[in-house]
Amino acid sequence: MTHDSFVQSLFRSRNLVIGVGMTAVFAIAALVSLIWTPYDVTQLAIANKMQTPSATHWFGTDHFGRDILSMLMVGAQTSIAVAFIAVGIGMGIGVPLGLTAAARRGGVLDEIIMRGNDLVFAFPSLVIAIMITALFGPSAVNAIIAIGIFNIPVFARLSRGAALPLWTRDFIMSARVAGKGAARISVEHILPNIFNLLIVQGTIQFSLGILAEAGLSYVGLGAQPPIPSWGRMLAESQTLISIAPHLALFPGCTILLTVLGLNLAGDGLRDLLDPRIRRTGR
Amino acid sequence: MLYYAVKRLGSLCISLIIASLVIFTCIEIVPGDPASFMLGINAQPDTIAALREELGLNQSLTQRYFGWVGGLLTGDLGTSYTYRSPVSEIVADRIAISLPLAIYALSLTVLIAFPVGLIAASKRGSVTDVSVMGATQLGIAIPNFWFAMLMVLIFAINLRWFSAGGFPGWDAGFWVAMKALTLPAIALALPQASILSRVMRSSLLDTLSEDYVRTARAKGLTRRQVMWRHALRNALIPVLTIIGLQFSFLLAGAIIIENVFFLPGLGRLVFQAITQRDLIVVESVIMLLVFAVIVVNFLVDLAYAWVDPRLRVQS
C-alpha cells in the first residue's frame with residue numbers, strides 16, 4: 001500500500017477519526033488536569049453543594065460543593081493510567097505465552113501454559129482485587145495489579161486459539177520447509193496474522209480496564225479519597241440520584257463516552273490494519 | 001470423546017487443587033497470623049490466643065490445609081467469626097440469590113446475542129447491520145452499574161414498576177423473586193449481550209469468507225443453507241470461548257450489581273466480610289467463585305470438542 005492510499009483510508013475510516021477524536025479529548029483533559037483544573041478538587045464549599053450545571057460550574061457541583069468538571073478531569077488520570085498499564089501487563093505476558101503454547105501444541109509446555117492460564121483465568125479481576133484488598137487494603141495500584149493479572153490469560157488464550165489453525169496452513173508449512181524454527185515462525189508469520197485480533201482485544205481490554213477500574217472504585221476497592229475517581233463519584237451519587245440526577249449523569253456519560261471512543265478507534269484501526277479487509281474492501 | 005473428557009477431568013482436578021493452594025496461601029499465610037489480622041492492632045493477647053485456638057491455627061500448615069480442603073469436600077466451611085454461624089449455611093443462603101441471577105443474566109445474554117449477531121451478519125452493510133452494531137457499541141461502553149442506577153431511577157423511582165432494591169426471598173413466590181432479579185439481570189446482561197453479538201457477527205463473517213463456504217455456494221446451496229449447515233457450526237467456536245469468558249464476568253459483575261440493588265448475595269457477603277476482616281468467609285466465597293469458573297471452563301472445553309471434532313482428535 002502506498003503512503004497516499006494509507007492516508008486516504010485513514011480519513012475514510014470515520015470510526016477511527018471519531019474514536020481517536022473522542023479518546024483524545026479525554027486524554028487531553030487528563031493531561032491538562034495535571035497542571036490546571038477550573039476549580040481545586042480538594043476544596044470543599046458546602047455552601048455551593050449540589051448546584052445544577054451553570055456558567056460558573058458547567059457540570060454543577062457535588063454534595064461537598066466540589067466542581068464536577070474538575071473532578072472528572074482529574075479522575076481521567078486514574079482511569080487511563082490504570083487501564084493502560086493493565087493492558088500492557090496482559091499483552092506483554094499473555095501473547096508470548098499463547099504463541100509459545102501454540103508452537104508447542106500438544107506438548108508438555110502447552111499443557112502447563114494453558115492449565116496455568118485456566119487457573120489465573122478462574123480468578124475474575126474482581127476476585128483478585130477482593131483477595132488483594134482483603135490483605136493489603138484498597139488502592140489504585142492494587143486495581144492495576146488485579147486487572148493486569150486478569151488480562152494475561154485473555155491474551156494468552158486468544159493468541160493460542162488464533163495461532164492454532166494457522167499452524168496447519170500451507171504458508172506455515174512452507175516456512176517450516178524453508179528451515180525456520182518455531183519461534184521465528186511465531187514472530188514472522190503467526191503474529192502478523194493475529195495482529196488485528198490482538199488490536200481488537202487490546203481495545204476491548206483497555207475499555208474493560210476503564211470499566212473495571214470504575215467498578216472497583218464504585219465498590220470502594222479502587223483509588224481512595226481524596227483522589228477523585230469516576231467510579232467513586234457514581235457511588236457517592238447513588239443515594240442522591242432522585243434529588244440530584246446530574247451527580248450521576250456526568251460521571252456515567254464520561255465513562256460511556258471514553259469507552260465508546262476507544263472502541264470506535266479500535267474498530268477503525270482494525271479496518272485499517274487488516275490486509276484481508278483492505279483487499280476485499282469489506 | 002470419552003478419553004478427551006477423562007483427560008480434561010484430570011486437569012480440572014489439578015486446577016482445583018492448585019487454586020485451593022493459591023487461595024490458602026494468600027489468605028492464611030500471607031497475612032502472617034490470621035487471628036491478629038482479623039482482630040486488628042488493639043486486640044488483647046488472650047483474645048488472639050482464643051481465636052487462634054478456635055480457628056485451629058496452632059496446628060501445622062499441612063494439617064490446616066487438609067482440614068480446610070476436607071471441610072470443603074464435606075460441606076463444612078468452618079464458623080464465621082463475625083456471624084457466629086456455620087459459613088456453609090450463610091453461603092448457601094447467598095448462593096440462592098447469586099446463582100439464579102447469573103443464570104438469568106447468561107440466558108438473557110445468549111437469547112439476545114444469537115439472533116442479533118446472526119441478523120447483523122446475514123444483512124452485512126445494511127441499515128439493520130449498522131444500527132445494530134451502533135447499539136452494541138453503546139451497550140459495551142456503558143458501565144453496567146451506572147445503567148443499573150439509571151434503570152432504578154426510571155423504572156423503580158419514577159414509574160414504580162419494580163422495587164429499587166432488596167430481595168423478598170424465594171418464599172415470596174417464584175415470580176415475585178424473579179421480578180426482583182429482573183433489573184439486576186438486565187444490567188448484567190446488556191454489556192455481555194453486546195459483546196457476544198459482535199463476536200457472533202464477526203465470527204460468522206470470517207467463516208462466510210472461507211473457501212469451503214464458496215464451494216458450498218458454488219455447488220448450488222442458498223446463502224441461508226450455507227449459513228445454517230456450514231457457517232454457523234464453525235462460527236460457534238470463538239462464540240463458545242467468549243461465553244466461557246463471560247461467565248466469570250457475570251460472576252464478578254454480579255458482585256457489583258448486587259451492591260447497586262442491595263441484593264443479599266455472595267458479592268455483598270464478601271464485601272461485608274472484607275470490612276469485618278472475616279477471612280474464613282472471604283476464603284470460602286473466593287474458593288466457591290473460583291470453583292464455579294473452573295467447572296464452567298471445563299464444560300466449555302467439552303462443548304468445544306463436541307462442536308469441532310478436530311480438537312479431540314488432536315489432543
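Tutor: On a 1 Å grid over the protein atoms alone, a cavity is a set of points where a 1.4 Å probe fits but cannot get out, whereas a pocket is an open set with protein on both sides within 12 Å along at least five of seven lines; lining residues have an atom within 4 Å of a point. A volume is the space filled by probe spheres set on the points, which are joined across faces, edges and corners. The model is predicted: local features need pLDDT of at least 70 and side-chain atom pairs pLDDT 80 or more, while totals for chains, interfaces and linings use all residues. Residues are numbered from 1 along each chain, chains are lettered from A in the order written, and side-chain values use heavy atoms, without hydrogens or water.

Student: How many cavities does a search of the whole structure find, at what cut-off, and how much space lies in the largest cavity?

Tutor: Five cavities reach 30 Å³ or more, and the largest cavity holds about 400 Å³.

Student: Which helices supply the lining of the largest cavity?

Tutor: Helices here are DSSP runs (H or I, at least four residues), numbered from the N terminus. At least two residues each come from α5 (125-136), α6 (140-167) and α8 (182-218) of chain A, and from α7 (144-158), α8 and α10 of chain B. α8(A) has the largest share, seven residues. Of the 25 lining residues, A:L208, A:L211, A:A212, B:N144 and B:F249 lie nearest the centre.

Student: What classes make up the lining of the largest cavity?

Tutor: Ala, Val, Leu, Ile, Met, Phe, Trp, Tyr, Cys and Pro count as nonpolar, Asp, Glu, Lys and Arg as charged, and the others, Gly among them, as polar. On that basis the lining has 17 nonpolar, eight polar and no charged residues.

Student: Why is α8(B) described as roughly antiparallel to α10(B)?

Tutor: Helix α8 (residues 174-208) and helix α10 (residues 223-260) of chain B pack at about 150°, with their axes 8 Å apart. Angles over 145 degrees count as roughly antiparallel, so α8(B) is roughly antiparallel to α10(B). Their contact comprises 22 nonpolar, six polar and one charged residue.

Student: Where does the second largest pocket lie, and why?

Tutor: Domain 1 (32-74) and domain 2 (87-314) of chain B both contribute lining residues, so the second largest pocket lies between them; the bounds come from an automatic or database domain assignment. This pocket holds about 450 Å³, and α4(B) gives the most to its lining, five residues.

Note on methods: Axes fitted to C-alpha atoms, helices over the stretch in contact; angles between N-to-C directions. Parallel < 35°, antiparallel > 145°, perpendicular 65-115°, else oblique.
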